[in-house]
Amino acid sequence: MVGEIRYLNARHEDTLVDIARQQDIGYDALRAANPGVDPWLPKAGTQILLPSEYILPATPRRGIVINLPAMRLFYYPPHGNTVETFPIGIGREGWNTPTGTTTITAKIRDPSWTPPASIRAEHAKNGDPLPAVVGPGPDNPLGQFALRLGWSGYLLHGTNKPYGVGMRVSHGCIRLMPNDIEALFAQVAPGTVVQVVDQPWLWGERDGSYFLQVFPPLHEKPDTRGQEQAFRRWLQEQIPAGMQISWVQALQVFREADGVPTLIAVRDPIPDAD
C-alpha cells in the first residue's frame with residue numbers, strides 16, 4: 001500500500017472538479033469517496049475525504065502498471081523500491097482501453113494528432129468536424145507530451161482538457177494531467193514495460209493490518225448475485241490461513257465500491273517469549 005487518506009475543508013468557490021485537479025486525484029474517485037457531497041456546490045467548510053491511499057495492483061512491480069477500474073497509473077522506477085502514482089482518464093463505453101502487456105515504443109514532445117477516420121466520422125456526425133491533422137499547440141488533445149505504446153493507435157498522453165482526467169472520456173488512449181505526463185515523460189525510456197489490468201477488487205497489507213479496496217467495475221453486469229459470489233471466491237483466496245474477517249463488513253465494502261481502502265482484519269502479534 002502507498003499513500004494515506006487525507007482531508008480538507010472546501011472553500012466557498014470550490015467544486016469537486018477543482019479539488020480533484022488541485023490534489024492530483026481523479027474526479028470519479030473523489031466523487032465516489034464523498035457520496036453525500038454536492039459536486040458543484042460542496043459549501044464552504046464541508047469536509048472532503050481525499051482518497052489518496054492505494055493498494056498496489058496484483059502484478060509484477062516493474063515499469064508502468066495501469067489499473068483501469070481505479071483509473072490510476074503506477075510507475076516503478078528502475079533500480080529502486082519506490083512507486084509514483086497518477087490519476088488517468090481512460091476509454092469510455094464503446095471505446096474501451098485494452099488490457100494486457102505492451103511497451104513504450106516512442107517518446108514524442110509536442111505531438112501532432114491525426115484523428116482516425118472513425119473519430120472524424122463521430123465528430124462530423126455531432127456537428128463538430130475535425131481537421132485531418134491537429135498540430136502542436138493549446139488546442140491539441142494530446143497535450144505537450146505523448147508516449148506511444150506497442151498497441152497500434154494507443155498512447156499515454158497529456159490533454160488540453162485536464163478536468164476530464166479521472167473519468168471515462170477518451171477513445172481508448174490513457175490521459176494524464178499536464179504536470180503528471182511531463183514528470184513521467186522525463187523518467188521513462190522506450191522499451192519500458194506497460195501492464196494494463198482490470199482489477200476492481202484489491203487486497204493489501206500494511207504492518208500486519210489488512211485492507212480491502214473496491215472500485216466500481218468497468219462493465220456492469222445484470223447478474224448482481226453472480227458478481228457477489230465471484231467476489232466472495234476471490235476474497236477467500238486472499239485471506240491468510242487462519243485469519244477471520246467480518247464477511248458482513250467485506251460485503252458492505254463490495255457494495256459501496258467507494259475506492260477507499262477499508263481495514264478488514266489485523267494479524268494478532270506474536271507474544272514475546274518469556
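Strand S5 (63-67) is mostly covered, since 5 of its 5 residues are buried; buried means under 20% relative accessible area, exposed over 50%, and partly exposed in between, with a 1.4 Å probe and protein chains only. Strands, like helices, are DSSP runs numbered from the N terminus, a strand (E) having at least two residues and a helix (H or I) at least four. The model is a predicted one, in which local features need pLDDT of at least 70 and side-chain atom pairs count only at pLDDT 80 or more, while totals for chains, interfaces and linings use all residues. Residues are numbered from 1 along each chain as its sequence is written, and side-chain values use heavy atoms, with hydrogens and water left out.

The predictor's confidence in each residue is given by pLDDT, which runs from 0 to 100. Over the chain pLDDT averages 89, and 95% of the residues score at least 70.

Strands S5 and S6 run antiparallel and are joined by 5 bridges; two strands count as paired if DSSP finds at least two bridges between them. Within this pairing, Ile-64 has Tyr-75 of S6 as its bridge partner. The two strands form a hairpin with 4 residues between them, where Met-71 takes a positive phi near 50 degrees. Met-71 is a residue other than glycine, and with 12% relative accessibility it counts as buried. S5 also runs parallel to strand S14 (residues 193-197), to which 4 bridges join it. Here Ile-66 stands opposite Val-196 in S14.

These strands belong to an open sheet of 8 strands with mixed pairing, in the order S7-S6-S5-S14-S9-S10-S11-S13. Its edge strands, each pairing on one side only, are S7 (84-87) and S13 (174-175). Helix H4 (residues 178-187) packs on the sheet and touches S5, S6 (72-76), S7, S9, S10 and S11 (155-157). The direction of H4 makes about 55 degrees with that of S10; such angles run from 0 to 180 degrees between N-to-C directions, the axes being lines fitted to C-alpha atoms, for helices over the stretch in contact.

Of the 5 residues of S10, 4 are buried, so the strand is largely enclosed by the rest of the structure. S10 (residues 145-149) pairs with S9 (residues 100-109) in the antiparallel sense over 5 bridges. In this pairing the bridge partner of Ile-104 is Leu-149, and that of Lys-107 is Leu-147. Leu-147 also has a bridge partner in S11, namely Leu-156. The pairing of S10 with S11 is likewise antiparallel, over 3 bridges. Together S10 and S11 form a hairpin with 5 residues between them, and Gly-153 in its turn has a positive phi of about 90 degrees.

Attention now turns to the start of the chain. An unreviewed UniProt entry carries the annotation "domain: LysM" for residues 6-50; UniProt positions are given in the numbering used here, feature names are shortened, and annotations may be inferred rather than shown by experiment. In the model this span is 33% helix and 18% strand, and its end C-alpha atoms lie 5 Å apart. Asp-14 is placed in the loop between strand S2 (6-9) and helix H1 (16-23). Asp-14 is buried, with a relative accessible area of 4%. A polar atom of its side chain lies 2.8 Å from the backbone nitrogen of Arg-11. Leaving aside residues up to four places away in sequence, Asp-14 touches Ile-19, Gln-22, Trp-40 and Pro-42.

Two further residues complete the tour. Asp-207 lies in the loop between strand S15 (201-206) and strand S16 (209-214). Although Asp-207 is not a glycine, it has a positive phi of about 55 degrees, and it is exposed, with a relative accessible area of 76%. Leu-263 is found in strand S17 (residues 262-266) and counts as partly exposed at 39% relative accessibility. Not counting residues up to four places away in sequence, Leu-263 touches Ser-209, Tyr-210, Phe-211 and Gln-249. The C-alpha atoms of Leu-263 and Gln-199 are separated by 19 Å, the two residues being 64 residues apart along the chain.

Definitions and conventions. Contact means heavy atoms within 4.5 Å. A polar contact is a pair of N or O atoms within 3.5 Å; within protein, one must be able to donate a hydrogen and the other to accept it, and residues adjacent in sequence count only if both atoms are side-chain atoms.
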